[in-house]
Amino acid sequence: MKSFSHRWFKNINEIDQAQWHAFFGDEPFTQHAFLYALEQSQCVTQQSGWQPYHLAVYEGSNLIALAPGYVKSHSYGEYVFDWAWAEAYEKNGLHYYPKWLSGVPFSPIEGKRIAIHHTNHTVVYNYITEQLCTHSIEQGWSGWHINFCDQTQATLLTKQQAMLREGVQFQWFNKGFDTFDDFLTTLNSRKRRSLKKERAKITHQNITTEWLQGSDITPEIMQLFCEFYQRTYLKRSGHLGYLNSEFFTLLHALMASQLVIMLAKKDGQVIAATLSLIGENTLYGRYWGASENIDALHFELCYYQGIEFAIKHKLDCFHSGAQGEHKIARGFEPVTTFSAHHIVNNDFSSAIEDYLFRERQHIALYKAQCTSLLPFKNE
């Protein structure tokens, strides 16, 4: 470990794009281009509470590990909720922020958070966690957090001074279907009728859908989608959303081949749109907006069209975002998510560890209950 060293980068562009790709591959949310678009559009900045602070580890002159990271001054846009921890700090006259987070801003998507190219992963994890703990003390961070990592990474991190946290999301899995009707045959008769009735509400209103990919997505369509997205966010939350039009423009320019926009049209007029990203084996449904509030339109465009797309393109999984128990009745299955957390303050660390132990028991029970509600035959 004596030959290891590290650097912090406040701009993703300071790290060579080809090197980054060698570590993270083609999964869309950890691509250099995606993170660059977030930074260049000013969606993630110190002012927005997402100061880029990426970690690179070297052995001699060789780059051996990378982790996208951010110094956070709040907990918005993370989807692993620690507001109660921050409130407890405040009640005791302490500062929970800043903290360091390795994750993808505004995206509750599981993936590789620390990418390592080394024969001994354990020793690299040990070095990284030691440096994170030391840097937390030096910088006055309350701790460090690795959100939505895979289970293997979470397990390794919990052996290196981190606490394990689990959650539940709902994802749809393609079981070799050739058509949407093939999927429907796996449902019990009551749920099958319910889905057909829900989809019929859309066709009876003369609403049609269209998929656009890559070069078929024009700048005008991307701008229209952005307007829908911001309008819907404003109505729901009182602000225009975490992402701005420059982000979507850059995403289109840099990653068009991995984008799909689904449009809903009424009497030929576009009234709603979703923007999804395509991974190696997964469709990631991420952003949505509409100009009208139409019954069942969200379900059609955000869920059923995604299922149709995954089936047609032989994708294994459709990941439609965080939360949403209403997805269960539509064939989305509960999946455990993982994150790892280190808190510097020993008293709070012990209290949070006890809380997480009890929370994991509740999560296991909740997942079992959700599984029991799945609409499939003989389940």
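The model is predicted, so local features need pLDDT of at least 70 and side-chain atom pairs pLDDT 80 or more, while totals for chains, interfaces and linings use all residues. Residues are numbered from 1 along each chain, and side-chain values use heavy atoms, without hydrogens and water.

A second polar contact, of 2.7 Å, links the side chain of Arg330 to that of Glu198. Arg330 lies in the loop between strand S14 (317-319) and strand S15 (333-343); strands are DSSP runs of at least two residues, helices of at least four. With a relative accessible area of 11%, Arg330 is buried (under 20%, 1.4 Å probe). Leaving aside residues up to four places away in sequence, the residues that Arg330 touches (heavy atoms within 4.5 Å) include Trp172, Phe183, Leu195 and Phe299.

Elsewhere, 4 strands form an open antiparallel sheet in the order S1-S3-S4-S7, where pairing requires at least two bridges. Its edge strands, S1 (4-9) and S7 (115-116), each pair on one side only. Strands S3 (residues 54-59) and S4 (residues 62-67) run antiparallel and are joined by 5 bridges; Ala56 has Leu66 in S4 as its bridge partner.

Two helices lie across strands of this sheet; angles between fitted C-alpha axes run from 0 to 180 degrees.

| Helix | Lies across | Angle |
|---|---|---|
| H1 (residues 17-24) | S4 and S7 | about 70° to S4 |
| H4 (residues 121-139) | S1, S3, S4 and S7 | about 55° to S1 |

Conventions: Buried < 20%, exposed > 50% of the residue type's maximum accessible area, 1.4 Å probe, protein only. Polar contact = N/O pair within 3.5 Å; in protein donor to acceptor, adjacent residues only side chain to side chain.
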